[in-house]
Amino acid sequence: MIEYVFGTIFIILGAYCLVVKKNIIKKIMGLSIITMGIHLLIITMGYRQGGIPPIITPENLLTFSQYSVDPLPQALVLTSIVIDLSITAIALSISILLFEQNKTLDSSKLKVLKG
Amino acid sequence: MNKPLLLISLTLLAVFVLSVLFVPNFSFFSNKISNHYIYHSLEETKAPNVVGGVVWDYRAYDTLGEETVLFAATLGVYMLFKKLHVRDKK
Amino acid sequence: MTVIKQTISRIVFPFMLLFSIYVITHGHLTPGGGFQGGVLLASSVILICLVYGLRKAEHLIREETSHRIEAVAGILLAVLVVFEFFIKGSLMASESLFQVWSGGAIPVMNVIGGIMVATSFIIIFYSMVKEK
């Protein structure tokens, strides 16, 4: 299916950012991009042909169960977004502490454990 | 980057994209529990928002665990910056 | 910050506050709910903190107050989720659907979840901006 390719491209770009770039803040952004690609892929898997959003209104009480999309991946992705935020917040504050100690944000110059 | 690393990474990229491209078309739900959520959500939880009913009624323990993770992360950020400010003052 | 930004954000701030309360309380009727409304509520306070400085934002909500509100909301949410099966039909009981005052225990949990997420965001932002 052609519409699963876009989430996969996000995952591949995020993995490239995480491995190749040398700045620590860019690596953390790559981690967040991987998470966003996974969310997009999961929500796209729940689509249905001619689908409507899973909200019941007084107009579509009768035809709701025939046309609505899958509500379960959307509920799981809601939880996952908040967890991604917590990971990014702690990773960025650890990188500030790292800068205070080594005076550089280059990941190829980090050779010494704290001592 | 050097040549073999580039070749291996391009091969892995092609494998990843092609494995997603040739998936058969399914228009019904492949998991049976979403059918139960859509059919019986209005009479068990009396909320017209099906996603809100799933998050706060059927899967309420997942939401409790997520709030615990958020609370722990807030505590961690606060303590890390307190240590930074104390060290600057010395 | 310049005068243009201060004037515009002073006009926009009450509308952001009202919209976030609307998204939280209508969480069982329209798309939205606890987390989305909580993020909007925290964004309005962060806008004032960015434009006017930290001292003016402390007049709105101080950091110790946020810590206490978050602790109380956490305990209430844990108690409400564990005992949700028993008190599901008696909280906000009403026979009419599609109204604001209906829907079992879901609107109460939306409000408490929204408060907890908003105060967590505010604490994280205040820690990063505060100097010395």
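Mentor: Two residues are in contact if their C-beta atoms, placed from the backbone, lie within 7 Å. The model is predicted, with local features needing pLDDT of at least 70 and side-chain atom pairs pLDDT 80 or more, while totals for chains, interfaces and linings use all residues. Residues are numbered from 1 along each chain as its sequence is written, and chains are lettered from A and ligands numbered from 1 in the order in which they are written.

Trainee: How many residues does the contact take from chain A and from chain B?

Mentor: Chain A gives 28 residues and chain B gives 33 residues. On the side of chain A that touches chain B, α1 (5-20) and α4 (72-102) are the elements with two or more residues. The most, 14 residues, comes from α4(A).

Trainee: How do you know how chain A compares with a compact globule of 115 residues?

Mentor: The radius of gyration is taken over C-alpha atoms, and the globule rule is 2.2 Å times the number of residues to the power 0.38. That rule puts a compact globule of 115 residues near 13 Å, but chain A has 20 Å. The C-alpha atoms of chain A fill a box of roughly 70 × 30 × 15 Å along the principal axes.

Trainee: What percentage of chain A counts as buried?

Mentor: Of its 115 residues, 15% count as buried, meaning that 20 or more other C-beta atoms, placed from the backbone, lie within 10 Å of the residue's own.

Key:
Helix = DSSP H or I, 4+ residues; strand = E, 2+ residues; numbered from the N terminus. Buried ≥ 20, exposed ≤ 12 C-beta atoms within 10 Å, placed from the backbone.
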